[in-house]
Amino acid sequence: MLDVFLVQMDCGNFDKVRSLLSKANLQKKTPADEQVNGLIVLPEMFATGYIPENPSNYAENFSNAEAGATAKFLSELANETGCAVMGAGIGIGREGKLRNHSSVYLPGQTIEYSSYDKIHPFFPEQAEFKGGESVSLFKINGWKISSAICYDLRFPELFRDAVKKGAQIITVQAAWPKIRIEHWETLLKARAIENQVYIVAVNGVTIDGVSDNGTGSKNNAIALGGNSMIITPQGEIISRGSSDCEEVVHNSLDDVSLAEYRKAFPVLDGIV
């Protein structure tokens, strides 16, 4: 079993993340060797908003806990909760181009455990961003987990590539607009069903009809739709966030039932 905590929030500061998690059913215990208490997933660009004016001003290094403010926070939160923590922000690639970056930190470690750069930057807002080259895969508590970010959801081949690598869970960190929230649900369920994976998808949410762009001002053009979801390989939504509230969406995932389902209905034979 793996406990998953999706922090659905309007963009805000690190204290807001801690405050929301303090209200969740998260058991703060010392994890066993090579185990974590669960997986915490934060929305796309959770600390800056999507997308801040002059995004290069918010670019950070995520490689270690001393490299940048967001990396330090992710590492601290992992230590405070005993969970693996996945946050997404604005990174910089080796060539100096901006990357829409997802970063994973584990308790007791100060080096980034895993990372993923969004392969499909959204147009036109992410014209300054360079896409990543490949899917990622990391392991916690025996689970194999891959990552996707927002617009990636519209590209099914990315999810199939993740499954070919062995993914049992695929996370989606998003800033998905309310006006296209029906697409969000439909595509998430499709990606779960066609790949026989758990989909763990966290979306931002806009409070009071406007969204904070990270600079202290409000952006009326982008209203995010919430509806964070945890979906089974059969396409069943087992946990769902609201469309207008900040909250933590939680459930436990069962690897035994996943293996049994794949065996009973072998859609992936010859693929994985």
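Biologist: How do the residues lining the largest pocket divide into nonpolar, polar and charged?

Modeller: In this predicted model, the lining of the largest pocket divides into four nonpolar, nine polar and seven charged residues.

Biologist: And how much space lies in there?

Modeller: About 400 Å³ of space lies in the largest pocket, and 20 residues line it, with I92, G93, H101, S115 and D117 lying nearest its centre.

Biologist: What about the second largest pocket, what is its volume?

Modeller: The second largest pocket has a volume of about 280 Å³, and of the 17 residues that line it, F122, A175, W176, P177 and R180 are the closest to its centre. By class, its lining has 11 nonpolar residues, no polar ones and six charged ones.

Biologist: Changing topic, how many residues does α2 have?

Modeller: Helix α2, which runs over residues 69-81, has 13 residues, and from its first C-alpha to its last it reaches 18 Å, close to the 18 Å expected at 1.5 Å a residue.

Biologist: Which residues of α2 are buried?

Modeller: The buried ones are T70, A71, F73, L74, S75, L77, A78 and T81. As background, an α-helix has 3.6 residues a turn, so residues three or four places apart point the same way.

Biologist: And what do those buried residues pack against?

Modeller: The buried residues of α2 pack against the helix α1 (14-22) and against the strands β2 (39-41), β3 (84-92) and β4 (98-105).

Biologist: OK, now the largest nonpolar core: which residues touch the most other members?

Modeller: Of the 27 residues in that core, F159, I170, V172, W176, W184, L188 and I199 touch the most other members. The elements that give two or more residues to the core are β7 (143-149), α3 (156-164), β8 (169-174), α4 (181-195), β9 (198-203) and β12 (229-231), and α4 gives the most, with five residues.

Biologist: Pick V172, then; what does V172 touch?

Modeller: Leaving out residues up to four places away in sequence, V172 touches A148, C150, F159, W184, L188, I199, V200, A201 and V202. One of these, V200, is included in a second, separate core of 22 residues, which also includes L6, A84 and L106.

Definitions and conventions
Residues numbered from 1 in each chain as written. Predicted model: local features only at pLDDT ≥ 70, side-chain atom pairs only at ≥ 80, totals over all residues. Heavy atoms only, no water. Helix = DSSP H or I, 4+ residues; strand = E, 2+ residues; numbered from the N terminus. Expected span 1.5 Å × (residues − 1). Buried < 20%, exposed > 50% of the residue type's maximum accessible area, 1.4 Å probe, protein only. Contact = heavy atoms within 4.5 Å. Core = buried A, V, L, I, M, F, W, Y, C linked by side-chain atoms within 4.5 Å. 1 Å grid on protein atoms, 1.4 Å probe; cavity = no way out; pocket = protein on both sides within 12 Å on 5 of 7 lines; lining within 4 Å. Points joined across faces, edges and corners; volume = space filled by probe spheres on them. Nonpolar A, V, L, I, M, F, W, Y, C, P; charged D, E, K, R; others polar.
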